[in-house]
Amino acid sequence: MRLLNVNTNVLEVFLGLDVPPYAILSHTWEDEEVVYDDFANEKIEHTTKRGWYKIHQACAQALKDGYDYLWADTLCIDKSSSSELSEAINAMFNYYRNSTVCYAYLSGLPDVALEESRWFTRGWTLQEMIAPREVMFFDKTWTFLGSKSSLLDRLHSITGVDSMVLRGGSLGLISVARKMSWASKRQTTRPEDTAYCLLGLFGISMPMLYGEGSRAFIRLQEEIVKEYDDETVFAWKRGAPMAYAGLFAQSPADFADSGHIVPCQSTSLRTDPISVSSRGLRIVAPLQKLEDFEEPTFLLRLNCKHVHFGMRRRERVGIIVAKPFGIGHVYYRIRTNETPNYMPDFVQKELTTIFGLKESHIQDLKLTNNCGFWVRTPPVWPQGLEFEFLLAYPAENWDSRNGMFRRNWLSEDKRPFSLIFRSGGRTDDENYSYFVVSLGTMDLDKWWSRHQMWCGVKFYPAWGSTVEKLAEEAVHLTPKALVKGRDQEASDEGMGVTLMCYVQMEVVYGQHLFVADLHTKLVEHTGVVGIAECVKLPNLRSGESHNETDFYIWDVTESTVTLMAVCTLTLRVLLRKAGTPGIATY
């Protein structure tokens with residue numbers, strides 16, 4: 001620990017238990033702060049900076065109160081050292097707790113009332129008010145305003161922090177939701193500090209990872225779950241309801257209305273603790289099926305309750321969760337602006353193991369409320385028979401960065417998604433050939449409506465119209481056969497290539513997702529693989545396939561056609577009927 005000697009204005013380092021009594025400074029950061037590098041560099045005249053005034057006054061106050069050392073975060077932490085910064089942040093609460101006195105500098109006073117001071121709006125000053133044994137408040141002219149003990153009732157009214165806690169009582173008696181509610185209206189300059197400034201209140205230590213953004217607050221809640229058997233951590237509400245969310249809050253602001261929720265005794269035989277896994281939060285709890293929802297939806301019963309005037313002794317709090325696609329064990333939260341009450345049953349309810357969807361998965365891909373098809377495997381075409389990817393339809397649903405179609409489940413648009421591939425090496429637009437892959441879902445019944453997918457593949461030789469018309473045609477493409485289940489496949493042949501599409505539901509990034517894999521293969525011929533002579537079939541037009549055999553016309557001139565056939569015998573019979581001589585096979 002680095003301390004400023006107020007007699008010599010020299011920074012000294014103390015290790016372990018060899019730390020002398022010291023005063024500590026609490027303030028809000030402003031322009032021209034005196035930082036460690038300024039103080040350590042003799043060439044920098046730090047005393048001319050605006051931030052030196054409060055440090056100078058705090059040193060003078062410490063001398064007056066009989067202390068030889070002062071700690072201030074601006075100059076006692078070398079922030080260029082990530083290890084020192086991490087150590088200091090994890091130990092910050094104890095720095096304030098172990099100080100003999102804290103000087104709180106409220107730079108906005110007396111220009112504003114105490115209640116309007118910026119000091120009460122900052123994240124870091126919450127623990128700086130709670131942790132010290134005593135806090136002495138000063139205005140911008142270093143005029144004494146009062147102490148924590150003398151201003152106890154006003155501080156409780158301004159901050160909502162319990163008087164018992166302000167007097168030095170145990171934080172372990174306070175619910176997770178209540179502690180979070182104290183920070184719900186406070187801000188920090190860096191988003192990570194929203195979590196880091198609360199470590200001491202929960203007695204949590206964790207690595208500092210500046211740059212992780214809001215993920216820091218999720219990590220804090222994961223650590224809380226490991227440390228506390230307190231389900232009020234899930235009893236948050238969000239003012240604007242989200243279509244879906246994880247089980248963790250996004251910020252302390254979500255706990256603004258949860259300050260009166262407390263943990264209570266379990267009414268079920270729940271013995272498994274809540275745990276954090278790669279699949280999300282693992283919770284073993286009773287689920288209550290809720291009706292009148294389009295998807296399988298449940299009330300997750302929490303072991304906590306509201307404490308208020310007129311409360312019902314047995315009433316408990318729950319949250320509403322849904323199961324994506326109605327399958328699996330992964331759940332996410334919906335109706336985030338509600339924490340419904342419930343009355344426990346006297347008959348023991350069956351316990352269900354669920355996994356709460358990980359917030360990092362939601363924040364990244366945001367798949368849960370979307371009908372999504374991910375083209376996991378794009379086609380690799382045989383050499384010399386390449387088709388280029390032309391377009392995805394509808395274009396507004398195509399996420400080109402991830403190769404994925406997205407559409408909200410509640411959308412009225414029920415068109416299938418289509419991928420169009422165009423043959424290469426052509427100069428005449430009307431002679432392009434196309435493969436079209438269509439992907440969609442079908443409403444078979446209530447339980448299958450959200451995860452019965454289908455796929456279709458069709459080859460269009462020498463399409464004689466615009467690509468836009470082809471896209472409109474693809475909308476009406478439906479599967480030739482559909483097996484009720486999770487896996488489907490479809491294929492078609494053209495220009496000597498078979499394009500196969502497989503679709504199935506997979507767990508991708510913690511979420512259920514329709515996945516399409518596209519594969520190609522050269523057509524394998526058992527007999528006739530070509531025709532040596534030109535064959536005149538005047539009744540067949542460009543783009544047609546004969547209805548008596550399995551072959552396609554794939555190249556057409558004005559009076560001749562070249563055929564690719566699968567069966568030698570069928571082709572020979574067909575051509576004999578047409579009176580066609582001179583068939584040579586090889």
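Reader: In strand 2, which residue is the bridge partner of Leu3?

Author: Bearing in mind that this is a predicted model, the partner of Leu3 in strand 2 is Glu12. That bridge belongs to the pairing of strand 1 with strand 2, which is antiparallel and runs over four bridges.

Reader: And how many residues lie between strand 1 and strand 2 in the hairpin?

Author: The hairpin has four residues between its two strands, and in the turn Asn9 has a positive phi of about 55°. Asn9, which sits in the loop between strand 1 (2-5) and strand 2 (10-13), is a residue other than glycine with a positive phi value.

Reader: Which strands form the open sheet with mixed pairing, and in what order?

Author: Seven strands make up that open sheet, in the order 2-1-4-3-5-6-7, and their pairing is mixed. Strand 2 and strand 7 (144-147) are at the edges with a single partner strand each, so one side of each has no neighbour in the sheet. On average, and with direction ignored, neighbouring strands here are turned by 30° against each other.

Reader: Which helix packs on the sheet, and which strands are touched?

Author: Helix 4 does, touching strand 1, strand 3 (23-26), strand 4 (69-71) and strand 5, and its direction makes about 105° with that of strand 3.

Reader: Staying there, are strand 5 and strand 6 parallel or antiparallel?

Author: Strand 5 and strand 6 (residues 135-138) pair in the parallel sense, over four bridges, and within this pairing Tyr103 has Met136 of strand 6 as its bridge partner. Met136 also stands opposite Ser147 in strand 7, where strand 6 and strand 7 are joined in the antiparallel sense over three bridges.

Reader: Which residue takes a positive phi in the hairpin of strand 6 and strand 7?

Author: Trp142 does, with phi near 60°, in a hairpin that has five residues between the strands.

Reader: Now to the other sheet: what is the order of the four strands?

Author: The four strands are arranged as 18-21-22-23 in an open sheet with antiparallel pairing. Strand 18 (387-393) and strand 23 (453-460) take the edges, and each has a single partner strand, so one side of each is left without a neighbour in the sheet.

Reader: How many bridges join strand 22 to strand 23?

Author: Eight bridges join strand 22 (residues 434-441) to strand 23, the two running antiparallel, and Phe435 stands opposite Phe459 of strand 23. Helix 13 (residues 467-475) lies across strand 18, strand 21 (417-423), strand 22 and strand 23, at about 40° to strand 22.

Reader: Changing topic, what is the volume of the largest pocket?

Author: The largest pocket has a volume of about 550 Å³. It is lined by 21 residues, and those closest to its centre are Trp29, Asp73, Lys79, Trp124 and Asp193.

Reader: How many aromatic pairs does a search of the whole structure find?

Author: The search finds 28 aromatic pairs. In one of them, Phe234 with Phe248, the ring centres are 5.9 Å apart and the planes are at 20°, so the pair is stacked. Both Phe234 and Phe248 are in the loop between helix 11 (215-227) and strand 8 (261-263), 14 residues apart.

Reader: One last topic: where are cis peptide bonds, for instance the one with omega about 10°?

Author: That bond joins Leu109 and Pro110, and Pro110 lies in the loop between strand 5 (101-105) and helix 5. Another cis peptide bond joins Tyr393 and Pro394, with omega about -5°, and the place of Pro394 is the loop between strand 18 and strand 19 (398-399).

Note on methods:
Residues are numbered from 1 along each chain as its sequence is written. This is a predicted model: local features need pLDDT of at least 70, side-chain atom pairs count only at pLDDT 80 or more; totals for chains, interfaces and linings use all residues. Side-chain values use heavy atoms; hydrogens and water are left out. Two strands pair if DSSP finds at least two bridges between them. Contact means heavy atoms within 4.5 Å. Axes are lines fitted to C-alpha atoms, for helices over the stretch in contact, and angles run from 0 to 180 degrees between N-to-C directions. On a 1 Å grid over the protein atoms alone, a cavity is a set of points where a 1.4 Å probe fits but cannot get out, and a pocket is an open set with protein on both sides within 12 Å along at least five of seven lines; lining residues have an atom within 4 Å of a point. Grid points are joined across faces, edges and corners, and a volume is the space filled by probe spheres set on the points. Rings of Phe, Tyr and Trp (its six-membered ring) pair if their centres lie within 6.5 Å; planes under 30 degrees apart count as stacked, over 60 as edge-to-face and the rest as tilted.
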